[in-house]
Amino acid sequence: MKQVNIQFPLRMLGLILGLFLSVSAFAQIDVKGHVKDATGEPIIGATVRVDGTQTATVTDFDGNFVLKAKQGADITVTYVGYQDAKVKAAPNVVVILREDAAVLNEVVVIGYGAVKKSDLTGSVTALKPDSKNKGLVVNAQEMMQGKIAGVNVTSDGGTPGGSSTIRIRGGSSLNASNSPLVVIDGVPMDGNGVKGLANPLSMVNPQDIESFNVLKDASATAIYGSRGSNGVIIITTKKGRKGSTPQVSYAGSVTMSMKKKTVDVLDGDQYRTLAKQIYAGHMSEESILSQLGSANTDWQKEIYRTAWSHDHNVTVAGAFKNLPYRLSLGYTNQQGILKTSDFKRYTAALNLNPSLFEDHLTLNLNAKGMWARSQYANTGAIGAAVAFDPTQPVYDSTAKNFGGYWEWQIPGGSLNDPSWPTTTNRNATSNPVALLNLNDDHAISRSFIGNADIDYKIHGFEDLRLHLTLGADVSEGKQWTDVDAASPAAIYYGNHGWDKITKRNLTLSTYAQYYKDFAKIHHFDIMGGYEWQHFWRSQHNNYWGLYPSTNSEHPGEKHDESTYSYKTENYLVSFFGRMNYILMDRYYITATLRNDGSSRFKDHWKLYPSAAFAYKMSEEKIFKNIDWLSDLKLRLSYGKTGQQEGIGDYNYFAVYAMNTGVGSYYDVSGDGTLARPDAYDPNLKWETTDTYNIGLDFGAFNQRLTFSIDAYYRKTTDLINKADVAAGTNFKNTVWTNIGKMENKGIELTIGAKPIQTKDWFWTIDYNLTYNHNEITALIGGDDPNYFVPTGGIGGGTGVNAQAHAVGHPAYSYYVYQQVYDKEGKPIEGLVVDRNGDGVITEADKYFYKSPTAPVTMGLSSRLEYKNFDFGFTLRASIGNYVFNNLMSGNVNMSAGELYSNGNNYFGNRPVAALDYNWQTYDLEAKLSDHWVQNGSFLKCDNITLGYSFDNLLKMGSYKGVSGRVYATASNVFCITKYKGIDPEVFGGIDNNLYPRPISFILGVNLNF
Amino acid sequence: MKTYIKNIIPAAALLVAVGFSSCTKDLDVTPIDPNLNTEIQPEQLFNKCYANIAVAGNGGANGDCDVDGIDGGTSGYVRQMWNAQELTTDEAICGWGDEGIANFCYNTYDASHPMLRGYYYRLYTGISFCNQYLQEFSDYNAAMTAEVRFIRALNYFNLMDGWGNVPFATSITSEKPVQYSRQEIFNFVESELLEIEPNLNAATAKKSSDSGYGRVDKAAAWLLLARIYLNAEVYTGTAQWAKAAEYAKKVMDSSYKLNTNGVGEWSAYQMLFMGDNGETNAAYEAVFPILQDGVRTTSWGTTLFMLASTHDADMADYNGTTEAWGGNRARPQLIEKFFPNHDAPEAEPADVVVAAGDDRAIFDTRGRELDNTDPSTFKSGYAVAKYNNYTTTGASTSSAQFPDGDFFLMRVAEAYLTYAEAQARLNGGATNTEAANAINALRTRANADTKANYSLDEICDEWCREFYFEGRRRMDLVRFGKFGGSNDYLWQWKGGTFNGRNFDASKNLFAIPTTDLTANPNLTQNPGY
């Protein structure tokens, strides 16, 4: 059984393995046994063997087996994906198998096929979601956070149903996409989401996920050719089991979330005292101070709440005659801690995987549907709550036009409406409670992902297999916006309308695979295939304001109505192949080739090759004799991959873009429409990454200790950069073109240990470490050190950027002025180093200082089980990431002109920490000082879980009772950091009022009926 | 069993075959996006050539900016021209922390200046649109072709005035353009204007209700010619005062005319800067109005910039929109042109106008100090209330946020002062009767007192009084030798010190942006950078 039939569902493999084993009987006792997993679910098809004999069998549909053995003989139970278990033969035995993600026999799904983990030549990490310690998981990506070396997952803050950003080995792009390709049940997805569903990973209920396989090096990803450069995440969803009786299970949880930390700002009394101090003797002292209120409002308290969430999943799995099925229904209701934000989701997934004709024809049919409703809060309230004057009350009974909320007002003459004598001051901070409550912004999203896998092993020529996958991904998200006319966000006219995105992607892929063993020591297989994909997407929106009924000229009429619609599509057509050769179970060679044709480029076609070599040293005689050594393998690989996401569908030929939206007409001729010739580069092509990888896998003590190290060098060429073109040569000053180069060098380390495995005790520890160094090596076709591309806009001025891309530095490095400090180490306001010594401070005095991306990240998770109790935790560390503290940089000006803002007539609150600074100006140098670039290294505890498993609850008569587990989890428990802001984990590195990640307490139960 | 196989294999083969044959064809796409066209009406590109100087991009005020690397709202032609021409001078100062603002105000701009880069590329983007029109549609309509050539010439004029020696292209090719000297650009602009003049429509003053309002005619070509001749000594080393006077006179004698009658409470001068300036007789003064409309044509960087950036919340009722950003305000030297004795009253604009004896002194001085003691504070300096979004009839405008008022990029008053200055220069530095009459026409319109003779210095001041905050001051100061390299005339914060200090004459030209020097090896940086 060297060739693993790669299309068989995982659990069927064991069953089939077992069928080949002969069953013989001796005059011994009958051993009746039951095999189940740690959650109490019976294991079907596990192999049960009496040690030292030929006696063996497999467990039946209920996990039971019967065999004959000598009393007290050792019986070994094995099953793919679980650790082997041994029991002594007795009339009745119960065997609990422990899951083991690291066992070498595990089948790992790779692109267009699967391999045994031990036969892998590339860098692939398989992750089964930790079913026992997963924390508050609404999106699939969170299950990977901190678990896989080389994979960084950063959530976009605490938005309910919000998504995350995933980077594998630092990404390969600067301006296009750095997100990995996601493949769900064999169907490569596009990288886009729709309204309410940020990306394809949010389209799957995490409870339905069987495994993640992350392909990192080019040997593994090159089979995905032009989409492989950012790594590939293959998601396999759960399936039904052949021959199983219907199993009903339920998983549910209740979560309480609360804010962890708020910005420490002045309270009303402190603020009044401060204002009186600052304006004493000021020319407008009296009129300014008369604007102070008498309240003591804690605005941050007003906008946050303790949020409750619950999650329910019901699964029915089994087999109807020869038709294994799994049906799951899920419901999630998540409240956000920012008032008015919540997320509701219903999911349904159906899987059918029958096999016919003596398993020659296997089908795997999946349908996954989702309906979600995201209620968005106006997150502007987060910053407004920090900045709003604490002396003012939340409500103002005299403010009839402002929904009863207190607002900074100015005369309303421009509205020409006598019933609006005042309007809100648009420069002033808006009442955060009004921003939340006078706003209804929600998205309803629907998605369907369906795929059919047909796998046929040719009768009479079983070495050849044909495979066909048909997939469809149809999603639609529509977002409704309804901002009240009283809301400061859209005063007077309000803002109403909707925005809808629809996408429709179709996939057809087919391949044939032939495999053969020769002379016992040669194994050979070859696969060749073809894929066709069509990605289609449209967007429509319609927004309008409404004149209030009090308007004298247009009461109730629409104001400023705009509509927009757009459609786009692209095609990808590919031919691909893979060849594996294994000599003596020791030397492994893999070569892949993909020829991709993309409609996004004039030269459609490009070839992506890869090659890998592995040497399983543990099979050598000298190592074989070392008892404790269970695995030692060296892996080498090289490959070329591409990147084409985030590049427009029509960027290589001349088109005119028509004007869009209200306000975009110019009435000098015709109907006032505008046609703009768009800039383009006819020679645009893929970004290409060459990846070199060397890896070593090491296992000891029957894989109880595993160790894996990979070092890689990735060089991206033809990096697509929006490059400056010579003025006058194109239709814009920049054009997307292939001129940059970038390198990523890194080391990944994974250590897994199971220090204790006894009858009652079980302990695992998993640790991973990633080091990645990113550096831009060319930007404009050369390595001009003075050239940079500004990026990273910050709040506090229009067009102020705190970051830049430049040669010799990591992407998104901070590009700032160098602060001068006094003897006490305090920054001197506005004083920065004239680095070029020309006597004046200009942009030329900025320098590159640190980067938002951590060079070192680590994850540590552990689980300890004692009898029925389990305890687990996950820690995650990030070292060397820097954060631009925009909240402080924009809030340290305590001058008389700023506190009561600069002629804009409103008071703004300040963080308590700003008192120490007491700065008086808003010079650009002060705002862009490296003082605000602060060390954001952190150690976070993502989850702590305590659980208790039980069996046979409510057992009556023949009914075996309910098995399951109850658990309590705390999520986002603590964060150890020197960073002074709310949370140092900010994707992109500009910290400006992120939706805070809550701390959550979860109580949950899993039940199997 | 066998039949199954018989069915499956051909079925699979068929699927594969269908897939293969459709594959390569699918890769040759044409856009399905209704917003992208491979063929268009000439008018649509013609409009775009105009719109490049009126709005930021293809998406109205909010979105799809035509220029990259600069905030979209900041990138508007008027806003960029205004910043470069006003913040660098004795007229205006701004306290915002936007990158580049302080370098303008303190005359420390260099080749990396982000706003000058944005302005430079805005001009070249316009040139490319015009080149595309001329390449595709030059035979479509002679007047339209001439207008597009005018706009291209105007963009080159701005480049010549700001940067001097710049890359030159009259068609879209991948060839990197060569650098023209300031003289060569001058020659090109002059010959273009002379060549297109016969094809432009006759000089006819228009209101928005007349067809052709917003388009240029012969008068615009004359006025731009008058402008380049007036500054010819700066651009080429050879003065051309007589030609400046000749072309200015053509404009003065055309149907375009000064708006001399106020309506209701609004003065004739004030009417030029109001929400309905395209609808009233003020429009007859606009040789080249840039159109704005609160609903159809919106921009953060045109009229709205003028009125919002100069107002704060205390003055909200004085601009007629909900926008008041509190940024640009007067330097004391601007106020001195009306109140040489520093005796402006602390009052609202109507009273300041009376105290100045000049309708043009539209300043709000309440709660503000004359000096720009703290440049970052809007109250530090008098506010300029010249621009508003009210209508002379009191009718409401189409939006409370975006103004309806057009921006008069070229107006007849320029011809009067050009004529006066050119005559004075020809006359040894003193005005003759005709020249004095031209100045007095403006002063009379402003209800200011008149004189029989004006010195060159007085003419320089008159340029300020008539055109302050309209985006041309730097050009005038350079011509009068009062900008960089001169100790004769200092203004507050000139060169970065409170009392002002000279800065180097090399700063009279802007630096070619580093980005273009890198992208185009044919270019040489201006001296001093």
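Strand S33 (residues 656–658) of chain A pairs with S1(B) in the antiparallel sense over 2 bridges; strands are DSSP runs of E of at least two residues, helices are runs of H or I of at least four residues, and both are numbered from the N terminus. Two strands count as paired if DSSP finds at least two bridges between them. Within S1(B), B:Asn37 is the bridge partner of A:Tyr656. The model is predicted, so that local features need pLDDT of at least 70 and side-chain atom pairs count only at pLDDT 80 or more, whereas totals for chains, interfaces and linings use all residues. Residues are numbered from 1 along each chain as its sequence is written, chains are lettered from A and ligands numbered from 1 in the order in which they are written, and side-chain values use heavy atoms, with hydrogens and water left out.

The contact between the two chains (heavy atoms within 4.5 Å) takes 103 residues from chain A and 113 residues from chain B. Together the chains bury about 8900 Å², of which 58% is on carbon and sulfur atoms. Buried area here is the accessible area (1.4 Å probe) that two parts lose on being put together, summed over both. Of the area that chain B buries against chain A, 9% is supplied by B:Leu27, B:Glu99 and B:Arg296, more than by any other three residues.

Across this interface, 40 residue pairs are in polar contact, both residues being at pLDDT 80 or more. A polar contact is a pair of N or O atoms within 3.5 Å; within protein, one must be able to donate a hydrogen and the other to accept it, and residues adjacent in sequence count only if both atoms are side-chain atoms. Several elements of chain B each supply at least two residues of the side that touches chain A, among them helix H1 (2–26), helix H5 (114–137) and strand S5 (286–290). The largest share, 11 residues, comes from H1(B). The residues on this side of chain B divide into 46 nonpolar, 43 polar and 24 charged. In this division Ala, Val, Leu, Ile, Met, Phe, Trp, Tyr, Cys and Pro count as nonpolar, Asp, Glu, Lys and Arg as charged, and the others, Gly among them, as polar.

Side chains of opposite charge can pair when their charged atoms come close. With a salt bridge defined as a side-chain nitrogen of Lys or Arg within 4 Å of a carboxyl oxygen of Asp or Glu, the interface of chain B and chain A holds 6 salt bridges. One of them joins A:Arg676 to B:Asp64, with the closest N and O atoms 2.8 Å apart. Over all chains the structure holds 79 salt bridges.

A:Arg426 and B:Glu323 also meet in a salt bridge, at 2.5 Å from N to O. A:Arg426 lies in the loop between strand S24 (422–424) and helix H7 (432–437) of chain A, and B:Glu323 in the loop between helix H11 (303–308) and strand S6 (328–330) of chain B, so the pair joins two chains. A:Arg426 is partly exposed, with a relative accessible area of 40%, whereas B:Glu323 is buried at 3%. Buried means under 20% relative accessible area, exposed over 50%, and partly exposed in between (1.4 Å probe, protein chains only).

Within chain A, the side chains of A:Arg876 and A:Asp942 form a salt bridge (2.8 Å, N to O). A:Arg876 lies in strand S46 (residues 869–879) and A:Asp942 in strand S49 (residues 938–953), so the pair ties together parts that are 66 residues apart in sequence.
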